[in-house]
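Hello,

Here is the structure I promised to pass on. Have a look at it first, and my notes follow below.

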Amino acid sequence: MIVLTNLQMSKIVSHAERAYPNECCGLLVGERRAGDVFIREVHGSANIAITPENQFEIDPQLRFDLERRTRQEELDLVGVYHSHPDGEASPSQTDIQRAWENSLVWLITAVKNGSAVTTKAHLVLESEVRFKETPMEIISN
């Protein structure tokens, strides 16, 4: 189960809608407990992809800074999020090809005509390069 707050989800949705018609992207910091992932922080990134309308690339400096900081705290880099403008909240073929870290949660937000319609959480299956949708719970702040 992936657990995040209403405020965290709102931050992701807002970023996805602002970025439209391009993909938004960011990193998720949190902790893993008993097979569940608890999101503690949502960090939006500039999408530095050459074609941001249909792919994303997170600023490597953001990742570097977060990984350095989380090593000093009781937190981990636990996931990525991005949007699919006028697409589905499911991994694209590009996502599947770029999913090299099977420890990360992927949150994907579908945005239709500038409005976010759904967000789904996915895990990369360890034995294969493909995703499996996983349950997500949004709790009150």
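In what follows, contact means heavy atoms within 4.5 Å. This is a predicted model, in which local features need pLDDT of at least 70 and side-chain atom pairs count only at pLDDT 80 or more, while totals for chains, interfaces and linings use all residues. Residues are numbered from 1 along each chain as its sequence is written, and side-chain values use heavy atoms, with hydrogens and water left out.

Let me start with N47. Leaving aside residues up to four places away in sequence, N47 touches E23, C25, P52, Q55, F56 and E57. You will find N47 in the loop between β3 (36-45) and α2 (60-71); helices (H or I, at least four residues) and strands (E, at least two) are DSSP runs, numbered from the N terminus. Two of its neighbours also make polar contacts with the N47 side chain. A polar contact is a pair of N or O atoms within 3.5 Å; within protein, one must be able to donate a hydrogen and the other to accept it, and residues adjacent in sequence count only if both atoms are side-chain atoms. The N47 side chain reaches the backbone oxygen of Q55 at 3.1 Å, and a polar atom of that side chain lies 3.0 Å from the backbone nitrogen of E57.

Next, the cysteines. With a disulfide taken as a pair of cysteine sulfur atoms within 2.5 Å, the count comes to zero. C24 is in no disulfide, and the nearest cysteine sulfur, that of C25, is 6.7 Å away. That distance is too far for a bond. C24 is buried, with a relative accessible area of 1%, and C25 is buried too, at 0%; buried means under 20% relative accessible area, exposed over 50%, and partly exposed in between (1.4 Å probe, protein chains only).

Now to α2. The buried residues of α2 are L62, L66 and T70. They cover an arc of only 55° around the axis, so they sit on the same side of α2; the arc is that of the directions from the helix axis to the C-beta atoms. Their cover includes β2 (25-33), β3 and β4 (76-85). The face turned away from this buried side carries the exposed residues P60 and R71.
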